[in-house]
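Okay, thanks everyone, I'll keep this short. Have a look at what's on the screen, and then I'll walk you through it.

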Amino acid sequence: MDFLTATLSVDDIWWMETFIDDWFFVIALSLFVIEIIRYAFKRQVTKNLLGDSITNFVTLGLFILLVGLVAIAYVGIFFFVFDNYKIVELPTTLWTILCCIVLADLAYYWEHRFLHKNGFAWASHTVHHSSPHFNISVAYRHGPLDWLFPLFFYLPLAALGFHPFIILLAEVIVQVYQTLLHTETVKKLPRPIEAIFNTPSHHRVHHARNTRYLDKNYAGIFIIWDRLFGTFAREDEKVKYGVYPQINSINPIKVFFSGYIKLAQQIYKAPTWSHKLKLLHKPPIWAWQQSQANYHKTNQ
Amino acid sequence: MNLASSILVSGVIVLSVWGVALLQPTQAVALTKQKSPTLNNEQTQAAIEGTSATSKRHNLTTKHLNKIIIQGNTANIATSDVTRLWQDFSDNERLNGNLKKAPNAVYVYYRNFSANFDSATVTIGYPVGNLTKPSATTTIASADYHPLLSRKKYTQKQLEEAWQAIDYRRNIQHVVEVHYLSENGDTTATEMLIRYGEQ
C-alpha cells in the first residue's frame, strides 16, 4: 500500500500527463488503422469515410492551435485558485490522483450534460457529434470552444486542494479513456464491465440520433453516473450517427465552425431579444422546437 | 432522478471522495544542508524543569506516521554534534549521485537516546523512493507520534525551542524531523514528531 501514499514530485505528475497524452495518440492512430483495415475487409470504406476521418484530424489540428493560444492562461487560472483559494492542500500521491480521477470523471459527466443542454456550449460540442461515422478518429473531432467549458467544471477541484497538474492528469485520463470508446469494432463487453464502466456500446448510444437515445450516456469513465442520475440508455436498436439536420460536409473549416455559424444565423433571424438570449442558454432541442413551430405556423 | 436531486447526490459524492483523499495515510518524502537544533546540558535541564508546564501547553493529538525507509548518514553522536552529520550527509556524493530526482523532503531520525539525552543514534536521509539503488537503509517504523511542530516554516530559534517542549520524564523512543523542500532544495516547511514509549 506504500506505493499509494508515496509522495510524487510535481515533475513526475507532469511527466505522466505528457507521456499519456503523447503515447496514447500513437496508440489511437494505430487502432484507427486497424479499424480502417477492418472496414476494408467488410467493403465499407468509402470516400466519405476517409474524407470525414481526415476532417476529424484537421479539426484536432485547429483545436490544438486554439489551445496553444490559451494554454498558459488556462493552467494559470488553476494555479491562481489553488494558490489563493484552496481549502486544504492534498499530498501529491497516487491515492490523491485516484480520488481526483473519480471526481474529474464526475465533473466531466456534468460538463458533458451541460454541453448538451446549453445552446452556446452545444454549438461547439455539436462538431464532435456531427460525423455520420463512428470510429477512433471521431474522438478527435473537436469544436472551437471545447477547451473552454471544462475549466468551469474542473476548477472547483483546485479549491478542494488537488494540485493543478493532478487535475490536468485526471482530465487527460478521462479524455483518453473515452477515445477508445469511439469504435464499432467492439460490440458488448462482459456484463460487470458494462454495468460499471462506459463502453463502446454505451458511447454509440450517446452518439446516436435515434430519438430514444437522445441526451443519454454522458459518462466519461464510469457509466454509474448515468445509471444514478437517470440518463442511461442501453444499446438495443441499431444506432444512426450524427445530428439533426445532418451537416453533409467533409470540409474541415465548415465542420469546425458549423455549430457557431448555425447559432449566429439563428440569433440573427430570432424575432425578439428574449428569443436571441434563449438560443444561447436553452437546450438545442428548444431551438429546434421553435423552428418547427414557426414552420407549421407559416404553412397553415 | 431529477436535476436538483442529481446535483445534491453529486455534492455528497464529491464530499465523500474528497474525505477519502483527506484521510489517506501520509508518508512524507525527504535534501539540503540543514542545521538541526541541538541541546546542551543546560538546555536539557531547563527543558526537563519546564516540562510540566510545556507538556500541558502542548497537549497535542497524535499523528500516525506510516513506515518510511530512508537512506543516508547514520552516527551515534552527541546531540550537539548533529550539524557535523548534516555536513557528512551533504558531502555524501555516492548518496546524492543516486538520486532519481530532486527530493522534496529529508528525514532526521533520532533514537537510542542516552540517559541524559547527551547523545543518540541519528540518521539523516532521503526516502528510498527517491533513490535508484537503495542499500543500507534505515526504517522508521509505522507508529503514532506526538507532533512537536506541525508542518510550517519555522525559524532556527523556534526549531530549538521545540526540543524544550519534549516531556523528558517520559520514555523517549524516537524523534523524527521532516524538512520539506522546494524544487531548488530550500526548506519550505518543517515538521517534528516524537514517539514516547511505555513508562
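So, let's start with chain A. If you read along the sequence, the pattern is α-α-α-α-α-α-α-α-α-α-α-α-α. In total that's 13 helices and 0 strands. Before I go on, please keep in mind that this is a predicted model.

How much of chain A counts as buried? Of its 300 residues, 50% do. The accessible surface of chain A is about 14,800 Å², and carbon and sulfur atoms account for 68% of that. Now the contacts: if you take those in chain A between residues at least 6 apart in sequence, 75% of them join residues at least 24 apart.

Let me give you one residue to look at, Tyr140(A). Where is it? You'll find Tyr140(A) in the loop between helix H5 (119-129) and helix H6 (149-159) of chain A. And is Tyr140(A) buried or exposed? Its relative accessible area is 10%, and the cut-off for buried is under 20%, so Tyr140(A) counts as buried.

Who does it touch? Leaving out residues up to four places away in sequence, Tyr140(A) has contacts with Phe24(A), Phe25(A) and Ala28(A), then Asn56(A), Phe57(A), Thr59(A) and Leu60(A), and also Thr179(A). Take Ala28(A) from that list. In sequence, Tyr140(A) and Ala28(A) are 112 residues apart, yet C-alpha to C-alpha they are 9.8 Å apart in space.

Next, the surface of chain A. Which residues gather in a patch of positive charge there? They are Lys188(A), Arg191(A), Arg227(A) and Arg234(A). If you want to find Arg234(A) on the screen, go to the loop between helix H10 (224-229) and helix H11 (252-269) of chain A. Arg234(A) has a relative accessible area of 46%. Buried is under 20% and exposed is over 50%, so Arg234(A) falls in between and counts as partly exposed.

Okay, on to chain B. Here we have 6 helices and 8 strands. Starting from the N terminus, the elements of chain B go α-α-α-β-β-α-α-β-β-β-β-α-β-β. Chain B has 199 residues, and 48% of them count as buried. Its accessible surface is about 9,900 Å², with 51% belonging to carbon and sulfur atoms.

To recap: chain A has 13 helices and 0 strands, while chain B has 6 helices and 8 strands. In chain A, remember Tyr140(A), which is buried, and Arg234(A), which is partly exposed and belongs to the patch of positive charge. That's it from me.

Definitions and conventions: Residues are numbered from 1 along each chain as its sequence is written. Chains are lettered from A and ligands numbered from 1 in the order in which they are written. This is a predicted model: local features need pLDDT of at least 70, side-chain atom pairs count only at pLDDT 80 or more; totals for chains, interfaces and linings use all residues. Side-chain values use heavy atoms; hydrogens and water are left out. Patches are made of residues with over 30% relative accessible area and no salt bridge: like charges are joined within 9 Å, nonpolar side chains (Val, Leu, Ile, Met, Phe, Trp, Tyr) within 5 Å. Accessible areas come from the Shrake-Rupley method with a 1.4 Å probe; for residues, only the protein chains shown count as cover. A salt bridge is a side-chain nitrogen of Lys or Arg within 4 Å of a carboxyl oxygen of Asp or Glu. Lys and Arg count as positive and Asp and Glu as negative; His and the chain ends are not counted. The place of a charge is taken as NZ of Lys, CZ of Arg, CG of Asp or CD of Glu. Helices (H or I, at least four residues) and strands (E, at least two) are DSSP runs, numbered from the N terminus. Buried means under 20% relative accessible area, exposed over 50%, partly exposed in between (1.4 Å probe, protein chains only). Contact means heavy atoms within 4.5 Å.
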